[in-house]
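Here are some friendly notes to read alongside the model. Take the points in order, with the structure open beside you.

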Amino acid sequence: MSDSPTTPVAGKDEFAESVISEYLDLYTEIKEGKRAEHDLMPRLVDHLFINALGWKKSDYTQEDDWNDIRFYDDDRNPAIIIEGKRRDIDVEEGIQQVFRYASETPYVRYLISTNVDRFIIYKRCDDTHENAISYHGVSARKIADVPFQGICNRVSGNAISSDLTLEERQAIK
């Protein structure tokens, strides 16, 4: 990402800048419109998880229905499960589904529901944690709710306000 006036986060936080830059590239590729999960999820994985977060292509699998993605730890246990929804579907609709997938293994640490425009990330925890929610015998607490579409609109100059809020910055981290 360049140090242009349309990128107010440039130079302030390398990690957040990298994530936003990859998301802007993803949005450039997909443009506006409805696309099925199988079209969006591989692009999302490449931009966010491989390019920005440093995972390798060999670290993940995409299930036959194309919307369930699993990232594996060094022992090949699923560590992250992502439930992908179409962009026109509320991301909240994937939460119980990703918890159900996580119920199949005790190793999953992070559960993510996304429709590309928004990410809701949960971290597995004990059911006694004060912020824990439970579905299908799995307890986790929400650690981030990232409105990537709004963030990218601000950074690209397509929003009313071009400054990211503190909450938006923290959600990326």
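**Notes on the sheet**

1. Leu111 has Tyr122 in β5 as its bridge partner. Strands here are DSSP runs of E with at least two residues, and helices are runs of H or I with at least four, numbered from the N terminus.

2. Before going on, please note that this is a predicted model, in which local features need pLDDT of at least 70 and side-chain atom pairs count only at pLDDT 80 or more, while totals for chains, interfaces and linings use all residues. Residues are numbered from 1 along each chain as its sequence is written, and side-chain values use heavy atoms, leaving out hydrogens and water.

3. Strands β4 (residues 110-114) and β5 (residues 119-124) pair antiparallel over five bridges; two strands count as paired if DSSP finds at least two bridges between them. Ile112 stands opposite Ile121 in β5. Four residues lie between β4 and β5 in this hairpin, and Val116 in the turn has a positive phi of about 75°.

4. On to the next partner: β5 and β7 run antiparallel and are joined by six bridges. Here Arg124 stands opposite Ala140 in β7.

5. Which order do the seven strands take in the open sheet? The order is β1-β2-β3-β4-β5-β7-β6, with mixed pairing. At the edges, β1 (60-62) and β6 (132-135) each pair on one side only.

6. Helix α3 (residues 95-102) packs on the sheet and touches β2 (68-72), β3 (78-84), β4, β5, β6 and β7 (138-146), where contact means heavy atoms within 4.5 Å.

Definitions and conventions. Axes fitted to C-alpha atoms, helices over the stretch in contact; angles between N-to-C directions.
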